[in-house]
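Subject: Structure for you to look at

Hello,

Here is the structure I promised to pass on. Please open it and keep it beside this email while you read.

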Amino acid sequence: MEVHAGGRRGLGYTYAAAAVGELIRLELVPVLTGRDALATRARWVDMNERLRNAGRRDAGAMAISAVDVALWDLKARLLELPLVSLLGAVRDSAPIYGSGGFTSYSPRTLADQLEGWGRQGVRSFKMKVGREPDSDAERVRVAREAIGATAELFVDANGAFTPNQALRFAELFARSDVSWFEEPVSGDDRVGLRLLRERAPAGMDIAAGEYASSTDDFRLLLDAGAVDVLMPDATRCGGITGLLDAAAVARSYRIPLSTHTAPALHLHPGCAIPEIRHLEYFHDHVRIENTLFDGFPDLIDGRLVPDLSRPGHGLSVRTGEAAKFAI
């Protein structure tokens, strides 16, 4: 989606059902039209108040996210600044981890993908587990062999396991030096996540938070002692404003952040938030964002580098490519 002011346009997006577009058109456009485009926090409050009865969470939060990203992009373009400069850079690039390793892959395909990222300087890798648990320990062993002994290996179960199952697999994965277990149980199961965090092998982080819609969702995870790493997603948690709020909550608990998916969108805030450990360089979103947008950042020695010559977040829609997928 785009927002316009002062002869400039800002671009925002989320990964959601088409109905979210209607929610933006019917509910959010009326409270934004004619308002101050530089007052991003005020516009974020306006949108949240507008959706109080329609529903601020889930689809509502994704609608707000897309518009908020567009507003931040517009603000930076009006000020003729790259977004990272507007937010205040703390680093000149952001480390990533390669994310894919889908359960549908053969062992050879899995190894090829991980080895390909390794040739680009990536030193941290994540793979999926949980669809066929009996094969997971061997798949993880194949991944470890492909990336070598010193690289970081992460697994993501997408909430597939019960707490007892997850504990058993945590012990098995530890044999391949897995240092990150993402959503071993449902991200809504704060008791189960805390159990895993307390009893997982030493050196294995428990990560969750990708479906959080609000600051309260993040606070509840941290109050419960459920995670070692919080995973906000600016396409779901209220945009860049919501991401900044999540970082403030994490800071108060001394918990690091790792952004979830949408690497091009997260790059500029990822270079401005001290608590960011790395960005997820998710295979599907890399493919989609490279297809639909000009300005996708280059991967250089395992890091994404913002293009400071481009204002805003630096992305623009490839209209011809996007038109192929219009609804």
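At what angle do the axes of helix α7 and helix α8 cross, and within what distance do they come? Keep that in mind while you get your bearings. Note that this is a predicted model.

**The whole protein**

The protein has 13 helices and 14 strands. Its radius of gyration is 20 Å, and the globule rule gives a close value, 20 Å, for 327 residues. The protein is therefore as compact as a globular protein of that length. Along the principal axes, the C-alpha atoms fill a box of roughly 60 × 40 × 40 Å.

**Helix pairs**

A word on how to read this part. Two packed helices are described by the angle between their axes and the distance between the axes.

Now back to the opening question. Helix α7 covers residues 163–174, and helix α8 covers residues 190–199. Their axes cross at roughly 25° and come within 10 Å. Angles under 35 degrees count as roughly parallel, so α7 is roughly parallel to α8. The crossing of α7 past α8 is right-handed. On the α7 side, Pro 163, Ala 166, Leu 167 and Glu 171 make the contact. On the α8 side, Gly 192, Leu 195, Leu 196 and Arg 199 do. By class, five residues of this contact are nonpolar, one is polar and two are charged.

Next, α1 and α2. Helix α2 spans residues 40–50. The axes of α1 and α2 come within 9 Å and cross at roughly 140°. That angle makes α1 oblique to α2. The crossing is right-handed. From α1, the contact uses Leu 26, Glu 27, Leu 28, Pro 30, Val 31 and Leu 32. From α2, it uses Arg 43, Asp 46, Met 47 and Arg 50. The contact of α1 with α2 has six nonpolar and four charged residues, but no polar ones.

The last pair is α9 and α10. Helix α9 runs over residues 215–223, and helix α10 over residues 239–253. They pack at an angle of about 20°, with axes 9 Å apart. These two helices are therefore roughly parallel to each other. α9 and α10 also make a right-handed crossing. Look for Thr 215, Phe 218, Arg 219, Leu 222 and Asp 223 on α9. They meet Asp 245, Ala 246, Val 249, Ala 250 and Tyr 253 of α10. By class, the residues of the contact of α9 with α10 are six nonpolar, one polar and three charged.

Where does Thr 14 sit? Thr 14 is in the loop between β2 (8–11) and α1 (19–32). Its side chain reaches the backbone oxygen of Thr 235 at 2.5 Å. Beyond its neighbours within four places in sequence, Thr 14 is in contact with Val 20, Met 62, Ala 66 and Thr 235.

Best wishes

Definitions and conventions
Residues are numbered from 1 along each chain as its sequence is written. This is a predicted model: local features need pLDDT of at least 70, side-chain atom pairs count only at pLDDT 80 or more; totals for chains, interfaces and linings use all residues. Side-chain values use heavy atoms; hydrogens and water are left out. Helices (H or I, at least four residues) and strands (E, at least two) are DSSP runs, numbered from the N terminus. A polar contact is a pair of N or O atoms within 3.5 Å; within protein, one must be able to donate a hydrogen and the other to accept it, and residues adjacent in sequence count only if both atoms are side-chain atoms. Contact means heavy atoms within 4.5 Å. Axes are lines fitted to C-alpha atoms, for helices over the stretch in contact, and angles run from 0 to 180 degrees between N-to-C directions. Angles under 35 degrees count as roughly parallel, over 145 as roughly antiparallel, 65 to 115 as roughly perpendicular and the rest as oblique. A crossing is left-handed if the near helix is turned anticlockwise from the far one by less than a right angle, and right-handed if clockwise. Ala, Val, Leu, Ile, Met, Phe, Trp, Tyr, Cys and Pro count as nonpolar, Asp, Glu, Lys and Arg as charged, and the others, Gly among them, as polar. The radius of gyration is taken over C-alpha atoms; the globule rule is 2.2 Å times the number of residues to the power 0.38.
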